[in-house]
Amino acid sequence: VEPEPKFTNDDEQIEYGKDTDQPALVTQALWNKIQIDSTNIDLHFEFVTSHFAQDEKNILPKNLQEFLFEEVRLFNHYTSLSQSPTDSLQDIGHIFLAAYYLSVATPDYTAASFHLRQVHDPTTKYVNYYAGKVILFGAGSSQAEEHFLSEIRNKGYKAGAYEYLAVIYDLENKTGKLHELVYSGATEFVPEELRSRVYYNSNDVARFYQLKFNSMFSGINFWGVAGGTAIMLGWLFFLWKLSFLSQIKIRHLLVTIFVGAILAITSWWLYAYYKNSLGFWIDGNVLNDFLFCFAGIGVIEELVKLVPFLIILHFTGIIKKPIDYLIVASACGLGFAFFENLMYIANYGLDVIHSRALTASVSHMACSAIVAYGFVLYKFRWPGRWWLIPLFFLLASAAHGFYDFWLLNEKVQSMGILTLFFYLSEILIYISFLNNALNQS
């Protein structure tokens, strides 16, 4: 939306590159700074880390040839430093040659270990950090712990050392040590997934949700909120136009969407329950993932969307005619979609706005309407058949899960076109339900 600014200095370019997640801009500025201050070991660490972040984060460089050239320049530069007559520059050369061999597509642990053994001062910052990574990925976790502890004792790269200590404690099921680490001064360095698990297992609801919200809002900006709001307002207009036979006003729909968006946060805790208490999660297995998409994603999200619908149904008098049920349920689905859209935009950027607007948001509304149609049949056609409500809830959950499965499981993603065909069928069903409800209203 906005053109990249003209930078007056390297620090300004580095800050902008980090804020906009463009490591290529960061490496360009860091290279300039390294030429001026070659003894600053932190500059070297940021340079190497930012270079390989272009690949690790799947952020393609603007020009692949420039990226590859930078990698050759990086290797040659640290090879040259490793042959310097000055011990401190030699150490920097060997440390970041080790970092290079650990970061390339096919890591060479032997070469990385060799260069770390050439360092004159083993207490130098980053030495034990990289040594710990060599042992962790090359030999196992038990011997790597001491290296990360040494990095901390030497007042070196504490952030990375604490992060990998948390990973080791998780791998070795040292829940006590992981809990201690999370509730210590090192909390910010522990990976979010591990912190989330510790907070859930400790029933620390406040910190659990604080972590989730911090993560969500740290990745979204004005344009992300504007995009998510535009999607919501577009489909709000659609629902409002459907209410011409109803007493439902646009303010009622706005309140319903707001309640649906607020209650959407309960899905975080339910997902944590599935993952941490039930041990049920996506693992790449086709059957497991198919079941999880239905019994996990489908059931959780349709249940979370059903709660605000029941609140509106029970505590207000706006739901009277058949069409009212579907409009309010769709608004609940839209509220959930609004919240979910903000999360997706925060994680993946503005590129997802089109798919979130034209497919995902509509699918959420359609699935919520399936559940509501069960209420309509029970209320207006077959009053004694209460089982229609849970039946249609299960149908909605199955539809939701089927839609997601072909997108989430890597083994069937080549058949993702099935989601599109299913989505079109879902739209036909949704429109049919709306037409029937309008006719009966």
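Tutor: The answer below starts with the chain as a whole, goes on to the charged pairs, and ends with a helix for comparison of setting.

The model is predicted, so local features are given only at pLDDT of at least 70 and side-chain atom pairs only at pLDDT 80 or more, while totals for chains, interfaces and linings use all residues. Residues are numbered from 1 along each chain as its sequence is written, and side-chain values use heavy atoms, with hydrogens and water left out.

The chain has 20 helices and 0 strands; helices (H or I, at least four residues) and strands (E, at least two) are DSSP runs, numbered from the N terminus. The C-alpha trace spans about 90 × 50 × 40 Å along its principal axes. Of the 441 residues, 48% are buried, where buried means under 20% relative accessible area, exposed over 50%, and partly exposed in between, with a 1.4 Å probe and protein chains only.

Now the charges. There are 30 positive and 41 negative side chains, and the centres of the two sets lie 12 Å apart. Lys and Arg count as positive and Asp and Glu as negative, leaving out His and the chain ends; each charge is placed at NZ of Lys, CZ of Arg, CG of Asp or CD of Glu. Side chains of opposite charge can pair when their charged atoms come close. A salt bridge here is a side-chain nitrogen of Lys or Arg within 4 Å of a carboxyl oxygen of Asp or Glu, and by this rule the count comes to 12.

One of these bridges joins K33 and D11, at 2.5 Å from N to O. This pair links distant parts of the chain, with K33 in helix α2 and D11 in helix α1, 22 residues apart. K33 counts as partly exposed because its relative accessibility is 23%, and D11 is also partly exposed, at 46%. In the loop between α1 (10-19) and α2 (23-36) sits D21, whose C-alpha atom is 9.6 Å from that of A53, 32 residues apart along the chain.

Another bridge pairs E146 with R153, the closest N and O atoms being 2.3 Å apart. At 42% relative accessibility E146 is partly exposed, whereas R153, at 53%, counts as exposed.

In a further bridge, K275 meets E193, with 3.0 Å between the closest N and O atoms. K275 lies in helix α15 (residues 266-278) and E193 in helix α11 (residues 192-201), so this pair links distant parts of the chain, 82 residues apart. Both partners are partly exposed: K275 has a relative accessibility of 30%, and E193 has a relative accessible area of 37%. Salt bridges that share partners also join E145, E172, K174 and K177 into one network.

For a buried setting, turn to helix α20. Its buried residues include Y423, F433 and L438, and what covers the buried residues includes α13 (222-242), α17 (322-348), α18 (353-380) and α19 (388-408). In α18, S361 is buried, with a relative accessible area of 0%. Apart from neighbours within four places in sequence, S361 is in contact (heavy atoms within 4.5 Å) with I231, W235, A337, N341 and R356.
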